[in-house]
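Here's a quick briefing on how the parts of this model meet. Have the structure open while you read.

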Amino acid sequence: MSKKTWKEIDIASIINKPGSAKDFKTGDWRSQKPVWNEDKCKQCLICWVYCPDSAITVKDEKMTGINFDYCKGCGICAVECPFKAITMVEEKK
Amino acid sequence: MSIKIVAKTGNEAMAEAMRQINPDVVAAYPITPATEIVQLFSNYVSDGKVDTEFIAVESEHSAMSACVGAATTGARVMTSTSSQGIALMHEILYIASGLRLPIMICGVNRALSAPISIHCDHSDTMGSRDAGWIQILSEDAQEAYDLTIFAMKAAEKVLLPAMVTSDGFIISHAMSRLDMYEDKKVQDYLGEKKPAYTSLDVDNPITIGPLVVQDYFMEIKRGQIQAIIDAKKQLPILLEEFNKTMNKNYKVIEEYNMEDAEYAIVALGSTAGTAKYITDKLRQEGKKVGVVKPLVFRPFYGEDLVKMLENLKGIAILDRSDPQSAMGGPLFTEITSAFYGHEKQPAARNYIYGLGGRDISYDDIKDIFKDIAEYFEKGKKEEAVKYITIRE
Ligand code: SF4
Ligand code: SF4
């Protein structure tokens, strides 16, 4: 996405498009990374409730994984998971 | 056009202008010497003379914050303050201009503490001169009234906030003749407000004031800077429109007795009035002296000032505030910067005067004209910045 020049920016940097935060990938400053162990997972969805970045992906009321475009590696899901189905490892880029 | 002639103080004049503007929202906290403006206006609200939502807040920081919030809806918003109040608003002043909200302050200039003083100098609004606001200083109650009405419209046209100020007590509490327009005339002049955006349109939601990091901040600031650069071109045109409508003759920079002048005083606010009177007297003695009064301090009309002043022998630039170890007061440093590299270099001297309400007398003005002539004749040997109206 090419960046706008100063002449192309809307007045007062107002954002006219709702939900545009989705276009801004926040997952690139992670130093730790959650690893999901599907075998241990009981599908309680507590991680989904707690994740501050809505990075836990869910389909048909079932957790399907982690969206690393937005996961910041905060480790909250790993702490909150009652079944130790998520562990944090060092992010290697 | 029918004009009502009344006797009003500067504060009453500004309150009347606010009543005639009839803003949607006023959020204010009273402070000497601007208290009366807020007090009178809140009376208008209780008496049903205006349709304004009046928000009584607990501080000036909250006052300006409430003004910002209200203005994002597209409302016409005003407040009034002075001195420490302006200082407490400082943080939010930048947010108002950054969000391009045409909020108006009816200000009264008063010294900043310490030591505490309730009397006039310009340190308060000069402390906010980099905040991206239009700054207009009035010479008397009539100007305070007229320019409040003008600045409200100008702010909405250029989408920048504006402050119009009067000198504390000297104007704010002194009674003088005021020519008032009919309420309808003011309303017709202001017209319909066209906000750049509104936070209340639920079908088109927007985000106001998002976090911006290194990749966009500079571009956004540059856009804001362009707005005040453009405003510099638009304000004289808008002032001309005001003059035509209200039968006035305001200029962004006023020249008085300047036709063949050899020496001039450049001064802001009420002191320009005193200086004008003295140049009339000195002209009778054959002295070629005049006055230049920047009505608008921000945006700064440096190029115009150079044109008005370049053929003089000497310029006496008066500052009613001192930036504490700069190269002189704000008006002096701006004008001398404007002259940098210019082929003609008249002698320029800075007179810092009247801090904390210290009077400047007719004789002081005469002494300044004497001093600037000597400064020129002796070849600018002494220091450029001189403190006057002080016991040495
Ligand atoms: S909290 Fe643990 S067990 Fe529950 S859904 Fe998430 S990973 Fe599975
Ligand atoms: S590490 Fe933090 S951001 Fe990433 S999925 Fe877990 S809770 Fe969400």
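**Where the chains meet**

Across the interface of chain B and chain A, two residue pairs make polar contact, both partners being at pLDDT 80 or more; a polar contact here is a pair of N or O atoms within 3.5 Å, and within protein one must be able to donate a hydrogen and the other to accept it, with residues adjacent in sequence counting only if both atoms are side-chain atoms. Keep in mind that this is a predicted model, where local features need pLDDT of at least 70, side-chain atom pairs count only at pLDDT 80 or more, and totals for chains, interfaces and linings use all residues. Residues are numbered from 1 along each chain as its sequence is written, chains are lettered from A and ligands numbered from 1 in the order in which they are written, and side-chain values use heavy atoms, with hydrogens and water left out.

**Chain B against chain A**

- On the chain B side, α8(B) gives the largest share of the residues that touch chain A, namely five; helices (H or I, at least four residues) and strands (E, at least two) are DSSP runs, numbered from the N terminus.
- By class, that side of chain B has 10 nonpolar, four polar and four charged residues. For the classes, Ala, Val, Leu, Ile, Met, Phe, Trp, Tyr, Cys and Pro count as nonpolar, Asp, Glu, Lys and Arg as charged, and the others, Gly among them, as polar.
- Chain B puts 18 residues into the contact and chain A puts in 12 residues, with contact meaning heavy atoms within 4.5 Å.
- The area buried between the two chains is about 1,400 Å², and carbon and sulfur atoms give 73% of that. Buried area is the accessible area (1.4 Å probe) that two parts lose on being put together, summed over both.
- B:Y216, B:E219 and B:I220 supply 29% of the area that chain B buries against chain A, more than any other three residues.

**The salt bridge between the chains**

- Between chain B and chain A the count is one salt bridge, that is, a side-chain nitrogen of Lys or Arg within 4 Å of a carboxyl oxygen of Asp or Glu.
- Which residues make it? A:K3 pairs with B:D215, and their closest N and O atoms are 3.9 Å apart.
- A:K3 lies in the segment before β1 (32–36) of chain A and B:D215 in the loop between α7 (183–190) and α8 of chain B, so the pair joins two chains.
- Over all chains, a search of the whole structure finds 28 salt bridges.

**Two domains in chain B**

- In chain B, 28 residues of domain 1 are in contact with 25 residues of domain 2.
- About 2,100 Å² is buried between the two domains of chain B, 59% of it from carbon and sulfur atoms.
- On the domain 1 side, B:R129, B:E139 and B:K232 lose the most area to domain 2, together 30% of what that side buries.
- The rule finds five salt bridges across this domain interface. B:D130 and B:R298 meet in a salt bridge through their side chains (3.8 Å, N to O).
- The interface of the two domains also has 14 residue pairs in polar contact.
- α8(B) gives six residues, the largest share, to the side of domain 1 that touches domain 2.
- That side of domain 1 divides into 15 nonpolar, six polar and seven charged residues.

**Ligand surroundings in chain A**

- Residues around ligand 2 include A:C51, A:C71, A:C74 and A:C77, where near means that a heavy atom of the residue lies within 4 Å.
- The shell around ligand 2 has nine nonpolar, two polar and one charged residues.
- Of the 14 residues around ligand 1, A:C41, A:C44, A:L45, A:C47 and A:C81 come nearest.
- The ligand 1 shell has 12 nonpolar, one polar and one charged residues.

**Backbone details to check**

- B:T32 and B:P33 are joined by a cis peptide bond with omega about 0 degrees, and B:P33 sits in the loop between β2 (25–28) and α2 (35–46) of chain B.
- The peptide bond from B:A114 to B:P115 is cis too, with omega near -5 degrees.
- A:D60 has a positive phi, near 50 degrees, in a residue other than glycine.
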